[in-house]
Amino acid sequence: MNELLKNLGVIVLLIGVIILAVPAINGGLSNTILLTGLGVIILGYIGHIVINKRLE
């Protein structure tokens, strides 16, 4: 369980990348999709830092 918690930030970051990649491949990018993807990526990055500092 600890290993999954350690990698939770990276998993959220990858979900953000998927949110950006799928519409980019299909050609349906909009500002809402871009902002959502960026928000999820930033949340995953910050979450990864915070979670790993608390687990150490």
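Start with the contacts in this predicted model. Take pairs of residues at least 6 apart in sequence: of the contacts between them, 64% join residues at least 24 apart.

**Whole chain.** Select everything and colour by pLDDT. The mean is 91.

**Cartoon view.** You will find 3 helices and 0 strands. Read from the N terminus, the order is α-α-α.

**Helix by helix.** Select residues 2-6. This is helix H1, with the lowest mean pLDDT among the elements, 83. Now select residues 8-26. This is helix H2, with the highest mean pLDDT, 94. Next, select residues 31-55 for helix H3.

**Overall shape.** Show the C-alpha atoms alone. Along the principal axes they fill a box of roughly 40 × 15 × 10 Å. The radius of gyration is 13 Å, whereas a compact globule of 56 residues would have one near 10 Å.

**Surface.** How many of the 56 residues count as buried? The share is 12%.

**Nonpolar patch.** Select Leu35, Leu38, Ile42, Tyr45, Ile46, Ile49 and Val50. Together they form a nonpolar patch on the surface, with about 670 Å² of accessible area.

**Last stop: Leu38.** Zoom in on Leu38, one of the patch residues. Leu38 sits in helix H3. Is Leu38 buried or partly exposed? Leu38 counts as partly exposed because its relative accessibility is 45%, and that class lies between the 20% and 50% cut-offs.

Technical notes
Residues are numbered from 1 along each chain as its sequence is written. This is a predicted model: local features need pLDDT of at least 70, side-chain atom pairs count only at pLDDT 80 or more; totals for chains, interfaces and linings use all residues. Side-chain values use heavy atoms; hydrogens and water are left out. pLDDT is the predictor's confidence in each residue, from 0 to 100. Helices (H or I, at least four residues) and strands (E, at least two) are DSSP runs, numbered from the N terminus. The radius of gyration is taken over C-alpha atoms; the globule rule is 2.2 Å times the number of residues to the power 0.38. Buried means under 20% relative accessible area, exposed over 50%, partly exposed in between (1.4 Å probe, protein chains only). Contact means heavy atoms within 4.5 Å. Patches are made of residues with over 30% relative accessible area and no salt bridge: like charges are joined within 9 Å, nonpolar side chains (Val, Leu, Ile, Met, Phe, Trp, Tyr) within 5 Å. Accessible areas come from the Shrake-Rupley method with a 1.4 Å probe; for residues, only the protein chains shown count as cover. A salt bridge is a side-chain nitrogen of Lys or Arg within 4 Å of a carboxyl oxygen of Asp or Glu.
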